[in-house]
Amino acid sequence: MSRIADQAYLRTRLAIMSTNLLSPEQLIDLSQLPLDELSTRSGFDVIKGNNVAQRLATFERALMQTWLDELSALLRPLKGPARRLLTQWASRYELLNIKALVRGKIGQLPNEEIERSLFQLPGFLSLNHDELLNTDSVPELLRHLQKTRYNRIATQALRRYEERPDPFLLDATLDQQFYSELIDRARQLESPDRDETLDLIGRIVDRHNLVWSLRYRYNYELQASEVLYLAIDGGRILNRQELQHILQADTLDEAISVLPASLFGDKAVPKQILLIEAMLRRNLHDRARGLMRRSPSALTSVLAYLVLRFGDINTLYAIVHARIYGIDDAVLSDALDPLHREAA
């Protein structure tokens with residue numbers, strides 16, 4: 001990004017939008033409200049109907065629409081590589097739709113049921129869901145996707161699925177290709193946007209690679225070579241050599257004992273995958289808050305805001321969902337902040 005006017009527009013927009021962000025303490029406070037007050041504060045009460053599941057689905061789509069509307073406003077002054085980067089970030093919702101379509105085809109669900117699980121997306125995310133719904137199999141669906149801007153993702157996913165028709169591995173391949181394309185787009189930026197965005201994305205990739213690699217290797221018992229095959233290049237600290245070293249351990253405890261301390265700052269390394277994920281998410285959000293306020297790259301500040309806002313929206317939905325279904329307060333509290341329980 002170079003135009004001073006564009007940067008000023010983005011900084012001003014961010015200053016206004018940043019008041020939408022919720023601190024971890026505010027989210028905890030929301031989770032402790034009575035249901036009627038939580039419904040009012042979150043906006044769930046404006047969604048009417050007798051079917052709770054449908055109301056929750058509408059609420060989730062409304063939250064997603066808010067995020068996309070804000071992203072659309074931030075996209076307005078951007079052109080070229082900067083615009084392509086944020087558009088790719090927005091397409092994570094389209095990726096979720098693709099995964100829902102794939103799962104639906106594998107499970108041979110009726111089209112109507114699959115369609116109910118899809119997000120309705122704005123024009124710049126323009127997959128033809130009707131065409132994809134009317135395919136008869138996962139390979140046919142992926143071949144249709146090859147005719148869209150998801151050609152690269154679909155080609156790799158189809159190749160992997162034909163080698164081994166495992167839905168679990170297909171899901172991982174879709175994530176791998178999504179992040180690889182995001183990193184490629186970040187590398188096309190000019191400095192300082194390129195270095196700053198790659199640093200932020202690298203932290204996201206580190207968390208994804210580590211958490212899912214540990215799960216694949218020690219929970220699902222995949223071979224280390226299979227896990228490495230699913231890893232994403234572009235992490236800030238964890239490259240393939242580091243991951244290979246970790247995954248050669250025979251047990252999860254041994255793997256955790258050789259994790260790079262730099263991933264966790266000066267804090268003790270947690271001993272469970274769930275807690276590792278929580279600590280890396282907390283560190284990522286701390287870093288994103290700093291970048292949103294102080295990065296010399298306005299584009300990176302925008303991306304940092306979107307990362308934080310996406311996290312807030314997901315957490316808010318989880319709180320409302322849990323409260324609607326009467327999840328126990330202690331269980332919800334642990335889910336929102338498992339590190340707090342561990343420190344107690």
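Buried here means under 20% relative accessible area, exposed over 50%, and partly exposed in between (1.4 Å probe, protein chains only). These close-ups come from a predicted model, where local features need pLDDT of at least 70, side-chain atom pairs count only at pLDDT 80 or more, and totals for chains, interfaces and linings use all residues. Residues are numbered from 1 along each chain as its sequence is written, and side-chain values use heavy atoms, with hydrogens and water left out.

**View A. A buried salt bridge between Lys99 and Asp175.** A salt bridge is a side-chain nitrogen of Lys or Arg within 4 Å of a carboxyl oxygen of Asp or Glu, and by that rule the count comes to 20. Here the N to O distance is 2.7 Å. Lysine 99 sits in helix α6 (residues 92-106) and aspartate 175 in helix α11 (residues 167-187), 76 residues apart. Helices are DSSP runs (H or I, at least four residues), numbered from the N terminus. Zoom out a bit, and Lys99 and Asp175 join Arg103 and Asp171 in a network of salt bridges.

**View B. Arg143 meets Glu162 in a salt bridge.** The N to O distance is 3.1 Å. Arginine 143 belongs to helix α9 (residues 138-145) and glutamate 162 to helix α10 (residues 151-163), so the pair ties together parts 19 residues apart in sequence. At 41% relative accessibility, arginine 143 is partly exposed.

**View C. Glu226 pairs up with Arg164.** Their closest N and O atoms are 2.3 Å apart. Glutamate 226 lies in helix α13 (residues 224-230), while arginine 164 is in the loop between α10 and α11, 62 residues apart. Glutamate 226 counts as partly exposed at 24% relative accessibility, and so does arginine 164 at 36%.

Technical notes. Helix = DSSP H or I, 4+ residues; strand = E, 2+ residues; numbered from the N terminus.
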